[in-house]
Amino acid sequence: MANKQGQIVASGAFQLFGSRRREQVSELLGDIFGRTDIEALASDWRGVVYFTLSEDESLDAETVLGFDASSGSSGELATLDDVLAAVRTGEVAEAVDVASFDAWRTATGTRALDMGACVPPALYEFLGGDPAERSVDSEDLVTFVATAAAIMGRLEKLGVEPGDEIPDEVFDESYWQ
């Protein structure tokens, strides 16, 4: 993908990355997953990141995966050709719940999301948040994903299991220094 500038679909509901953002998000995902073969392609308004893996023997290199930092889930979604075709036709907007995005835009008076912005849930899903309850303000995608990964990592290191009370240490910066 040689796209230098990127492309925004449906007022920012889906964002196909340009080269700079692709490199930045690929590096972040590589750090999170401990891999060097990730190429980030796009994200959507909810903060889901879409990417490929070039060196995974169990997947075709053209398989697009999604990573939802709020829930911590990831998985196979489509082929690269399917995603690019959906971007060209605008059909990708339906796949990322453009109706909810438009309702959020109307409720907040937001015209469009800038490239690299997302609207995370008010509380991360892995902390008990509801994905339907969105933040009022947009947030930088890289900040959102990096923060989610850091909190998730802290929970794992502390041995917190689903349903456990969240210990104060998770959010205590001095504890992690």
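**View 1. The exposed side of helix α2 carries D81, R88 and T89**. On this side of α2 the residues D81, R88 and T89 are exposed, a word used for a relative accessible area over 50%, whereas buried means under 20% and partly exposed lies in between, with a 1.4 Å probe and protein chains only. The model shown is predicted, so local features need pLDDT of at least 70 and side-chain atom pairs count only at pLDDT 80 or more, while totals for chains, interfaces and linings use all residues. Residues are numbered from 1 along each chain as its sequence is written, and side-chain values use heavy atoms, with hydrogens and water left out. Helices (H or I, at least four residues) and strands (E, at least two) are DSSP runs, numbered from the N terminus.

**View 2. The buried side of helix α2 is formed by L80, V83, A86 and V87**. These are the buried residues of α2, which spans residues 80-89. They lie on the same side of the helix because they cover an arc of only 130 degrees around its axis, the arc being that of the directions from the helix axis to the C-beta atoms. Among the elements that cover these buried residues are β1 (7-9), β2 (14-16), β3 (38-44), β5 (63-68), β6 (73-79) and α3 (92-95), where contact means heavy atoms within 4.5 Å. After α2 comes G90, whose phi is positive, near 85 degrees.

**View 3. Six strands make an open sheet in the order β1-β2-β3-β4-β5-β6**. The pairing in this sheet is antiparallel, and two strands are taken to pair if DSSP finds at least two bridges between them. Because β1 and β6 stand at the edges, each with a single partner strand, one side of each is left without a neighbour in the sheet. Neighbouring strands of the sheet are turned against each other by 30 degrees on average, direction ignored. Strands of a sheet pair through backbone hydrogen bonds, and they do this in either a parallel or an antiparallel way. Here β5 and β6, which run antiparallel, are joined by 6 bridges, and G66 stands opposite G75 in β6.

**View 4. Helix α1 lies across strands β3, β4 and β5**. The helix covers residues 19-33 and β4 covers 48-53, and α1 runs at about 110 degrees to β3. For such values, axes are lines fitted to C-alpha atoms, for helices over the stretch in contact, and angles run from 0 to 180 degrees between N-to-C directions.

**View 5. The rings of F14 and Y50 form an aromatic pair**. A search of the whole structure finds 8 aromatic pairs; rings of Phe, Tyr and Trp (its six-membered ring) pair if their centres lie within 6.5 Å, and planes under 30 degrees apart count as stacked, over 60 as edge-to-face and the rest as tilted. The centres of the F14 and Y50 rings are 5.5 Å apart and their planes are at 45 degrees, so the pair is tilted. This pair links distant parts of the chain, with F14 in strand β2 and Y50 in strand β4, 36 residues apart. F14 is buried, with a relative accessible area of 2%, and Y50 is also buried, with a relative accessible area of 9%.

**View 6. The rings of W45 and F101 form a tilted pair**. Their centres are 5.3 Å apart and their planes are at 45 degrees. Because W45 lies in the loop between β3 and β4 and F101 in helix α4 (residues 98-108), the pair ties together parts that are 56 residues apart in sequence. W45 is buried at a relative accessible area of 2%, and F101 is buried at 0%. R134 lies over the face of W45, at 5.2 Å from the ring centre; a charge sits over a ring if NZ of Lys or CZ of Arg is within 6 Å of the ring centre and within 35 degrees of the ring normal.

**View 7. A10 and S11 lie in the loop between β1 and β2**. Most residues other than glycine have a negative phi. In A10, however, phi is positive, near 55 degrees, and S11, although not a glycine, has a positive phi of about 60 degrees. A10 is partly exposed, with a relative accessible area of 32%, and S11 is partly exposed as well, with a relative accessible area of 31%.
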